[in-house]
Amino acid sequence: MRALVVVGLLAIIALVFVVVAVVRDSQGNAGTAGGCPEGWPLADLTLRERKDVKINVFNATDRPGLAHTVSDEFRNRQFQVTKTGDEKKQVDNVAVLRYGPNGVGSAHLLEAYFLNEAKRAYDEKRTDDTVDVVLGNNFQQLATTTEVNQSLGDSGPPKAPAGSCPSPAAK
């Protein structure tokens with residue numbers, strides 16, 4: 001009888017601990033914008049399908065026609081290319097990806113096409129979801145589908161840039 005009372009008492013104590021832990025959970029808003037400082041932009045971390053990604057392609061090299069060639073390659077891979085042109089200033093990187101809070105997930109996908117060697121240029125004031133792809137002097141070619149998938153696996157999920165918060169997941 002005494003053992004039954006002890007086991008019952010232990011079960012009640014455990015239940016109290018569980019209830020207190022659930023009620024006082026401080027991570028209830030983890031992964032949402034609940035703890036975001038006021039005024040910080042909400043970054044869309046959705047990893048979109050290629051057909052839903054809008055890009056502008058700019059040539060920042062001395063190779064004529066590079067932006068048009070790469071634009072065609074992106075179109076063949078089902079991206080929405082909205083603009084193609086030349087950049088005034090040359091870039092020595094493989095590429096520079098310019099985007100705003102609404103283009104974070106798209107930029108993450110595009111970075112895989114440059115084997116995660118593209119420089120990111122996040123602009124919190126940019127309001128559209130288009131990503132500017134600025135091709136640099138070190139650009140050789142876009143990655144193959146297998147290389148893109150491997151790069152995406154290596155880089156993990158998209159992360160909110162400094163000075164932004166992840167937007168709440170779409171329901």
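Tutor: Contact here means heavy atoms within 4.5 Å. The model is predicted.

Student: What share of the contacts in the chain with a separation of 6 or more comes from residues 24 or more positions apart?

Tutor: The count takes in contacts with a separation of 6 or more. Of these, the part from residues 24 or more positions apart is 80%.

Student: Which pattern does the chain follow along the sequence?

Tutor: The secondary structure consists of four helices and seven strands. Read along the sequence, these elements give α-β-β-α-β-β-α-β-β-α-β.

Student: Is the chain more spread out than a compact globule, or less?

Tutor: For 171 residues the globule rule gives 16 Å, and the radius of gyration is 23 Å, well over that value. Along its principal axes the C-alpha trace spans about 90 × 35 × 25 Å. The radius of gyration exceeds the rule, so the chain is more spread out than a compact globule.

Student: Is Thr130 buried or exposed?

Tutor: Thr130 sits in the loop between strand E5 (119-122) and strand E6 (131-135). Buried means under 20% relative accessible area. Thr130 has a value of 9%, so this residue is buried.

Student: Which residues is Thr130 in contact with, leaving aside its neighbours within four places in sequence?

Tutor: Neighbours within four places in sequence are set aside. The contacts of Thr130 are then Lys54, Ile55, Asn56, Thr82, Arg98 and Tyr99.

Student: How far apart do the centres of the positive and negative side chains lie?

Tutor: The chain carries 19 positive and 20 negative side chains. The centres of the two sets are separated by 5 Å.

Note on methods. Residues are numbered from 1 along each chain as its sequence is written. This is a predicted model: local features need pLDDT of at least 70, side-chain atom pairs count only at pLDDT 80 or more; totals for chains, interfaces and linings use all residues. Side-chain values use heavy atoms; hydrogens and water are left out. Helices (H or I, at least four residues) and strands (E, at least two) are DSSP runs, numbered from the N terminus. The radius of gyration is taken over C-alpha atoms; the globule rule is 2.2 Å times the number of residues to the power 0.38. Lys and Arg count as positive and Asp and Glu as negative; His and the chain ends are not counted. The place of a charge is taken as NZ of Lys, CZ of Arg, CG of Asp or CD of Glu. Buried means under 20% relative accessible area, exposed over 50%, partly exposed in between (1.4 Å probe, protein chains only).
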